[in-house]
Amino acid sequence: MSPSAPLAGRRIRAAVIGTGAIARGSHLPALAQLAAEGETEVVAAVDIDAAAVEAFCTEGGIPHAYTDLERMLAEQRPDLVTICTPPTLHRAQSVAALRAGAWVWCEKPPVPTLADYDAVAAEEGTKGGPYASIVFQHRFGSGSRHVRRLLAEQALGRPLVAHCQTTWYRDAAYYAVPWRGRWHTEGGGPAMGHGIHQMDLLLDLLGPWSEVRAMAGRLVHDVETEDVSTALVRFENGAMATIVNSVLSPDEVSRIRIDCELATVELTHLYGHSNADWRVTPARDVPGDRAAAWQDFGADVPSSHLAQLRELVASMRAGERPRSSGADGRTSLELISALYKAAFTDVTVKRGEIGPGDPFYTALHGGAPGWAPAAAPAAAEEVSA
Ligand SMILES: NC(=O)c1ccc[n+]([C@@H]2O[C@H](COP(=O)([O-])OP(=O)(O)OC[C@H]3O[C@@H](n4cnc5c(N)ncnc54)[C@H](O)[C@@H]3O)[C@@H](O)[C@H]2O)c1
C-alpha cells in the first residue's frame with residue numbers, strides 16, 4: 001500500500017478495467033464529462049479481449065490499451081482504477097490496484113463474499129488513501145440526498161414501516177447464458193445481482209439494520225441460485241421493512257416506500273431516478289407550509305455514475321475516505337449474506353454475526369443443502385472412495 005501521488009493542480013489519471021457494457025455505457029461517459037471539466041483524463045484501458053480494448057481506446061481517445069492489468073499498473077501508475085469486469089474478478093483486481101497506489105471504483109456487486117470484501121479493505125491505505133469504493137449510483141443525485149437529509153434530521157418524524165422492491169423480469173434466454181444463475185460465476189441470484197441497488201439505497205436512507213428473516217425460492221428458472229426472495233428486516237431505529245427481489249415480475253419496477261410519523265416517502269423507477277420519481281405525502285394534520293418545504297428537492301441531479309464519480313473525485317482531492325467504501329460500502333453485502341443465511345437455514349440473523357468461521361462469510365450459499373452447488377464429479381468420487 002502506498003498513498004496516491006498528490007493531486008493538487010493536475011488531472012486525476014484514470015484507467016478502466018473491463019471494456020464491456022457498463023464501461024462503455026456509464027464509466028466512459030462519466031469520465032469524459034469530468035475530463036471536459038478538467039478533472040480527469042483516461043490514460044489506459046485493460047481487457048483480456050485485445051480487439052475489444054483496442055476498439056474501446058480508439059472510440060474513447062484513450063492512449064494506451066492493455067490486456068495485462070499488472071503491466072498497465074506498473075507502466076501507467078494511474079491514480080484511479082475503475083473496475084467493470086465480472087464480480088469474481090473484483091477482489092484480485094481491486095487488491096492489485098490498491099497495491100499499486102491507485103484508488104478503486106469497483107462495479108457492484110462488490111465481491112462475491114464478505115471475506116473477499118474484508119480482504120480488499122485490508123489493502124486500503126490508512127491515512128489519505130488509496131481507498132476502494134463500490135459503484136452504488138442510486139445513492140447519489142438530488143432525490144436521495146434530499147430524502148436522506150429529511151430522514152437524518154427526523155423532519156418527517158420517526159421512520160416506522162418500509163417496503164423495498166426490485167421486481168424485474170428476466171426470461172429463459174437471459175438465463176441460457178452459461179455464467180448466469182450460478183453461484184461461482186454470477187455470485188448470487190436477484191438478491192445479489194439485481195436487488196442490491198434498492199437494498200443499498202434503503203440502508204443508506206434508514207441506517208443500520210439489526211435482524212433479518214427471509215425466504216428464497218427457485219420458482220421458474222433452472223438455476224443454482226434463487227430467482228425470488230423475500231425478507232423481513234428490523235432496523236436499529238425500530239423501523240420494520242419488507243424486501244422483495246424477483247426476476248419473475250412481468251410489470252417491472254424498482255420501488256422504495258418509507259412511512260414516517262409525519263409523511264410517506266416513495267421512490268418509483270426502474271434503473272435510475274430523478275426528482276420526479278420521488279413523492280412525499282404528508283400526514284393529514286401536517287401544516288401546509290411545513291409540508292411544502294419537504295417538496296423542495298433542489299436542482300434536479302439524476303442518480304448516475306457521473307453523480308457518484310463527481311463525489312469520488314472530490315474525496316480523492318481531499319484525501320478523504322469516499323462514501324460507499326469501507327464499512328459504508330459493505331452494508332448491503334452484509335444484509336444480502338444475512339438474507340441468504342436466514343432463508344437457507346431458517347433462522348433469524350443478527351447484523352454482525354456473519355464473520356470468519358461462519359460458512360456464509362466465505363460463500364453466499366453457505367454450503368446449505370439444496371442451495372450449494374453439487375460437488376464436482378472428481379471431488380465427489382474422492383469422498384465416496
Ligand atoms: N451499476 C450498474 O447499474 C450496473 C449495470 C450493469 C452491470 N453492472 C456490473 O458491471 C460489471 C460488468 O458488467 P457488464 O455488463 O459490463 O459485463 P460485460 O460482460 O459486458 O463486460 C465485462 C468485460 O470484462 C472483460 N474481462 C473479463 N475478464 C477480464 C479480465 N481478467 N481482465 C480484464 N477484463 C476482463 C470482458 O472481456 C468484458 O469486456 C458487473 O459486475 C455487473 O454487475 C453494473
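Begin by selecting arginine 257, which is partly exposed at 26% relative accessibility (buried means under 20% relative accessible area, exposed over 50%, and partly exposed in between, with a 1.4 Å probe and protein chains only).

The model is predicted, so local features need pLDDT of at least 70 and side-chain atom pairs count only at pLDDT 80 or more, while totals for chains, interfaces and linings use all residues. Residues are numbered from 1 along each chain as its sequence is written, and side-chain values use heavy atoms, leaving out hydrogens and water.

Next, select lysine 350 and glutamate 211, whose salt bridge has its closest N and O atoms 3.0 Å apart. Lysine 350 lies in strand E14 (residues 349–350) and glutamate 211 in strand E8 (residues 209–217), so the pair ties together parts 139 residues apart in sequence. Helices (H or I, at least four residues) and strands (E, at least two) are DSSP runs, numbered from the N terminus. Lysine 350 is partly exposed at 45%, whereas glutamate 211 is buried at 13%.

Finally, select arginine 323 and aspartate 204, which meet in a salt bridge (3.1 Å, N to O). Arginine 323 sits in the loop between helix H12 (305–318) and helix H13 (326–345), and aspartate 204 in helix H10 (residues 196–206), 119 residues apart.

Conventions: A salt bridge is a side-chain nitrogen of Lys or Arg within 4 Å of a carboxyl oxygen of Asp or Glu.
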